[in-house]
Amino acid sequence: MAVSLKMSSLYVPTLKEDPAEAELASHRLLLRAGMIRKAAAGIYTFLPLGWRSLHKIEQIVREEMDAIGSQEMLMPAVQPAELWHESGRWSDYGPELMRLKDRHGREFCLGPTHEEIITATVRHELRSYRDLPVSLYQIQVKFRDEVRPRFGLLRGREFIMKDAYSFHATQESLQEHYDAMAGAYGRICERLGLEYRPVEADSGQIGGKITTEFMALAENGEAELVYCDCGWAANVEAATTAVPRHPAVTEAVPMEKVHTPGLRTIADLAQAFGVAEYDTVKTMAGKTAEGRLVFLCVPGDRELNPVKAESAVPGFELLEEEDFKTFDIPKGSLGPVDPPSGALVVADDSLRDTVAWGVGANINDYHYFGAQPGRDFEIDVWADLVLAAPGDGCPVCNGTLQGARGIEVSQVFQLGTKYSESMGATYADEDGNEQPFLMGCYGVGVSRSLAAVIEQYNDENGIAWPVSVAPLEVAVVPLNVGDDIVWPVAESLWRDLASAGVETVIDDRDERAGVKFADADLIGFPYQVVVGKRGVADGVIELKVRATGERETLPIAEATERIAALVAQARSALA
Ligand code: ATP
Ligand code: MG
């Protein structure tokens, strides 16, 4: 017996109008379909239908974790500051960490992730190499005070994550479990019906080096990816690609100083001097942790990758507006020729062989053209600095990369000993020597995945769920509930479908047909059974498939069996 619900008693407050604050389809439709409500920026209530879909995602994640031998548990959301001091993240995490004090003035945080707690939990109990490996997971609420909470469930401040942590004695064992997790994450995406790509990623705040992100492809996704036909793919933040350069000027020319009043942007300069943007060089100013001025030079047509800037110059930060005054440098006319004394000049590797740079002259409204490295100025450090872009060369096969956008739904990391060393979590190896655990951590954005599914499955009428995530599988829509021919047919179909194991709702509201159809499409019930007077007189009902809009007339006597079979087929396609 599957769940059978009545629309009249369901708490599903659908909205006729698009909410003004919602920019993306998933945000708009989750609100309109009565699945979530906002409590504060980035903080949402899940209403019954939203909760049902969320729960289905959790269940899929749970099954895939259990299948690879990870064990479910539950850790606290409130975590003592001491553990975060041990790992060093109390200061490293910054304002994204939601901090609070108890009545005694002791400090706590609301967990944005659980490396500290899990490491502290196992460190005195997993004692021997014989106890390893161990993999543990939970499905928990997480808190991150994001700079820009937005897009509904996609970037919340309170959200649901499945996080898993594993402990190993050897790199082989860690690699094996990491691969198993990556396999499970791929299957989770498939069961959610997501079109996705695993991509090489940057490890960010969490630490570690080996990491893969799973991206649900979406035009409006925040992440940019590059990928190659050979199968290689990466987040542009992490990608090291071959940056093609085609300078128009290939022979050295004399350097020329030019008055450029009012020309501030690369596009302005290129246009005024009739050169391509790639013949100009952008210089960005930043500083090291110690406060040393740094100039970073990248091709005029490319963007700086802040992650790469940070690895070329540890502690690097772009200058704030007021820093330009302090260093007394002209923001729109910076360049590597005669830099302020003490400045470190770093340039992108792709500029190495170009001989005629158009650059700022470090004097307001002046630029140099034809500046040649080695002759007119020196570069202190050559490094990979640019954000990868479509058109770059693939680092594996040198093919041409294509671009796409995506939503990061999950990520796997090899942490190594980052937490076990800082937090003193060790086990005794075969020779009795204490060794820090090798760790992995693995996260699935459960609530974000719900939104990602809607980004991929929607049309002008609403959500068109894959059956695995739909809040309910079938809606029975009697056109006239007061009719004593229509209602009994609709009601018995509703009961029979539920008995056949199909999750079914009956729209028993005394509403116009148009209202019921609109709500059914907005909420996105995958199969809709329309029961009308004329059909019943002919012994038939109409079945509509939400995703395709296809309609089929079915004899009443065969309807339950046929619909149950269709649902079963759709389920197994995503099983
Ligand atoms: P992002 O780069 O999008 O901020 P992240 O890399 O910081 O995410 P992780 O620490 O890898 O996130 O967390 C694991 C998963 O949790 C992510 O893959 C994502 O699906 C989800 N997640 C992270 N931040 C949020 C958020 N603010 N709202 C909803 N889900 C989130
Ligand atoms: Mg991530």
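Let's start with a hairpin. Strand S19 (residues 357–360) and strand S20 (residues 366–371) pair in the antiparallel sense, over three bridges. Strands here are DSSP runs of E with at least two residues, helices are runs of H or I with at least four, and both are numbered from the N terminus. Two strands pair if DSSP finds at least two bridges between them. Trp357 stands opposite Ala371 in S20. Five residues lie between the strands of this hairpin, and Asn362 takes a positive phi near 65°.

Some ground rules. This is a predicted model, where local features need pLDDT of at least 70, side-chain atom pairs count only at pLDDT 80 or more, and totals for chains, interfaces and linings use all residues. Residues are numbered from 1 along each chain as its sequence is written, chains are lettered from A and ligands numbered from 1 in the order in which they are written, and side-chain values use heavy atoms, with hydrogens and water left out.

Next, the open sheet. Three strands, order S5-S7-S6, with antiparallel pairing. Strand S5 (78–80) and strand S6 (98–101) are the edge strands, each pairing on one side only. The twist from one strand to the next averages 35°. That angle is between N-to-C directions, on a scale from 0 to 180 degrees, using axes fitted as lines to C-alpha atoms, for helices over the stretch in contact. S6 and strand S7 (residues 107–110) share four bridges in the antiparallel sense. Lys101 has Glu107 in S7 as its bridge partner.

Now a parallel case. Strand S16 (residues 293–299) runs parallel to S18, joined by four bridges. Cys297 has Ala347 in S18 as its bridge partner. S18 also pairs with strand S21 (residues 381–383), again in the parallel sense, over three bridges.

How many residues of S18 are buried? Five of its five, across residues 344–348. Buried means under 20% relative accessible area, exposed over 50%, and partly exposed in between, with a 1.4 Å probe and protein chains only. Leu344, Val346 and Asp348 point one way, Val345 and Ala347 the other, and all are buried. In a regular strand, side chains alternate between the two faces of the sheet.

On to helix H2, residues 48–67. Its 20 residues reach 28 Å from first C-alpha to last, close to the 28 Å expected at 1.5 Å a residue. The expected span is 1.5 Å times one less than the number of residues. Its buried residues include Leu49, Ser53, Ile57, Ile60 and Glu64. Just after H2, Gly69 takes a positive phi of about 80°.

Then Arg302. Where is Arg302 found? In the loop between S16 and helix H8 (306–312). Arg302 counts as buried because its relative accessible area is 7%. Its side chain makes a polar contact of 2.8 Å with the side chain of Asp392. A polar contact is a pair of N or O atoms within 3.5 Å; within protein, one must be able to donate a hydrogen and the other to accept it, and residues adjacent in sequence count only if both atoms are side-chain atoms. Leaving out residues up to four places away in sequence, Arg302 touches Val243, Pro244, Arg245 and Lys282, among others. Contact means heavy atoms within 4.5 Å.

Last, the metal. Which residues are the protein donors of the magnesium ion (ligand 2)? Glu408 (OE) and Gln411 (OE1), lying 1.9 to 2.2 Å from it. Donors are N, O and S atoms within 2.8 Å of the metal (3.2 Å for Na, K and Ca); water is not among the atoms, so sites may look incomplete. Glu408 is partly exposed, at 26% relative accessibility, whereas Gln411 is buried, at 8%.
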